[in-house]
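Okay, thanks for coming, everyone. Let me put today's structure up, and then I'll walk you through the parts I'd like you to look at.

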Amino acid sequence: AGPSFTNPSLLSPVLHAQLNVDFSVLAGGVKAFHLADVYFHKKSNTTFGGGIFFLDYGSIKQTDAAGNVYGTFKASDYLIQFSASRTYLEKWRYGATLKWINSSYGSYHSFAMAADIGVLYVDTSRQLHLSVVAKNMGYPIKTFNGHPEELPFDLQVGITKKLEKAPFGFSVTAHHLHQFNLLYNDSAYNIANNVSNKNSVFLKAANHFVFATHLYIGANLEGIIGFNQLRNAELNLGSGSGLTGFSAGVAANFKRLHFSFAHAAYQKGIGYNQLGLTLILNSLVGLGQ
């Protein structure tokens, strides 16, 4: 149920009655929660999914321009979404997601409506998956300052291939294909820290890709190593990036639940963990049978 939260075409009857829960703690004590559920409706031959993603920034000091503290305020973001997908012919699946996005920073509030559309091609004989997804197509309904802002649109293409005679698989995802140069350029920081803002065409192209290697250890255990080139480029402080952009995780699948754990490196010596649990409700409590 987890991956289908970001691409509605990944919803399938196989995920029926699965409840996915994820939790992670990020920089500054920011907490991230994710909850998603999937239901397959046989009569309409449609798989439905719903979920919520919540970011809790906790209590933040409220100050004026001179730094005087006047108290604290709460800040949070959350997203609620509903998805549906169907199968076309034997190897195609398509889906759509409708999202409600809300931000609350003290007395400032904003919300927007957005949609995702995805298409998936699955060739089980070759163990090949190809997908295209357009994300965050929408418009803000209420903004912080009354001026409309564009939502962070993202056009992605992904491919996953499992080797036939070896316990390995590989996946490549290309993101933000509608925009060539993705690097943020802070001229003041670059000058103060002697960081060059000149990037080659090759680097600009490479920043669009996320790579992953999958190791299938038996039928129920999977290890994954990933690398996000854009994260590596953006968080490199100029003194060497170390393992910035790399992530590693393990997933264990049992009859009644699936367990996952991942660690992502953001800078030298700084990394964060994510814990995930998927409950198979029809096996646990007979729900959704």
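How many bridges join strand E12 to strand E13, and do the two run parallel or antiparallel? Seven bridges, and the strands run antiparallel. E12 covers residues 246-253 and E13 covers residues 257-267. Before I go further, please keep in mind that this is a predicted model.

So, staying with that pair: E12 and E13 make a hairpin, with three residues between them. If you want a landmark, find Val250, whose bridge partner in E13 is Phe261.

E13 also pairs with strand E14, residues 270-280. That pairing is antiparallel too, and it has 10 bridges. The landmark here is Phe259, standing opposite Leu277 in E14. These two strands form a hairpin as well, with two residues between them. Look at Gly269 in that hairpin: its phi is positive, near 75 degrees.

While we're on backbone angles, a bit of background. Most residues other than glycine have a negative phi. Here are two asparagines with a positive one. Asn45 has a phi of about 55 degrees, and Asn136 has a phi near 60 degrees. Where does Asn45 lie? Asn45 is in the loop between strand E2 (31-41) and E3. Asn136, on the other hand, lies in strand E7, residues 128-142. And are they buried or exposed? Asn45 counts as partly exposed, because its relative accessibility is 38%. Asn136 has a relative accessible area of 16%, so Asn136 is buried.

Asn20 is in strand E1, residues 18-25. Why do we call Asn20 buried? Because its relative accessible area is 5%, and the cut-off for buried is under 20%. Another is the side chain of His34, where the polar contact is 3.4 Å.

Okay, aromatics. The count of aromatic pairs comes to 10. Let me take one of them, Tyr57 with Tyr105: the ring centres are 6.2 Å apart and the planes sit at 70 degrees, so this pair is edge-to-face. Which strands hold these two tyrosines? Tyr57 is in strand E3, residues 46-63, and Tyr105 is in strand E5, residues 92-105, so the pair ties together parts that are 48 residues apart in sequence.

Another edge-to-face pair is Tyr266 with Tyr272, at 5.3 Å centre to centre and 65 degrees between the planes. Tyr266 is partly exposed at 24% relative accessible area, and Tyr272 is partly exposed at 21%.

Then there are the phenylalanines. Phe23, Phe33 and Phe54 form one aromatic cluster. And one more ring to click on is Tyr216: the charged end of Lys162 sits over that ring, 4.4 Å from its centre.

Now for a contact along the backbone. How far apart are Phe168 and Leu215 in sequence, and how far in space? They're 47 residues apart in sequence and 4.8 Å apart in space, going C-alpha to C-alpha. Phe168 lies in strand E9, residues 168-174. At 34% relative accessibility, Phe168 counts as partly exposed.

How many cavities of 30 Å³ or more does the structure hold? One. The largest cavity has about 60 Å³ of space in it. Its lining is made by 12 residues, and the ones nearest the centre are Ser4, Phe5, Leu11, Gly49 and Gly50. As for which elements give two or more residues to that lining, they're E2, E3 and strand E4 (69-88).

Methods: Residues are numbered from 1 along each chain as its sequence is written. This is a predicted model: local features need pLDDT of at least 70, side-chain atom pairs count only at pLDDT 80 or more; totals for chains, interfaces and linings use all residues. Side-chain values use heavy atoms; hydrogens and water are left out. Helices (H or I, at least four residues) and strands (E, at least two) are DSSP runs, numbered from the N terminus. Buried means under 20% relative accessible area, exposed over 50%, partly exposed in between (1.4 Å probe, protein chains only). A polar contact is a pair of N or O atoms within 3.5 Å; within protein, one must be able to donate a hydrogen and the other to accept it, and residues adjacent in sequence count only if both atoms are side-chain atoms. Rings of Phe, Tyr and Trp (its six-membered ring) pair if their centres lie within 6.5 Å; planes under 30 degrees apart count as stacked, over 60 as edge-to-face and the rest as tilted. A charge sits over a ring if NZ of Lys or CZ of Arg is within 6 Å of the ring centre and within 35 degrees of the ring normal. Two strands pair if DSSP finds at least two bridges between them. On a 1 Å grid over the protein atoms alone, a cavity is a set of points where a 1.4 Å probe fits but cannot get out, and a pocket is an open set with protein on both sides within 12 Å along at least five of seven lines; lining residues have an atom within 4 Å of a point. Grid points are joined across faces, edges and corners, and a volume is the space filled by probe spheres set on the points.
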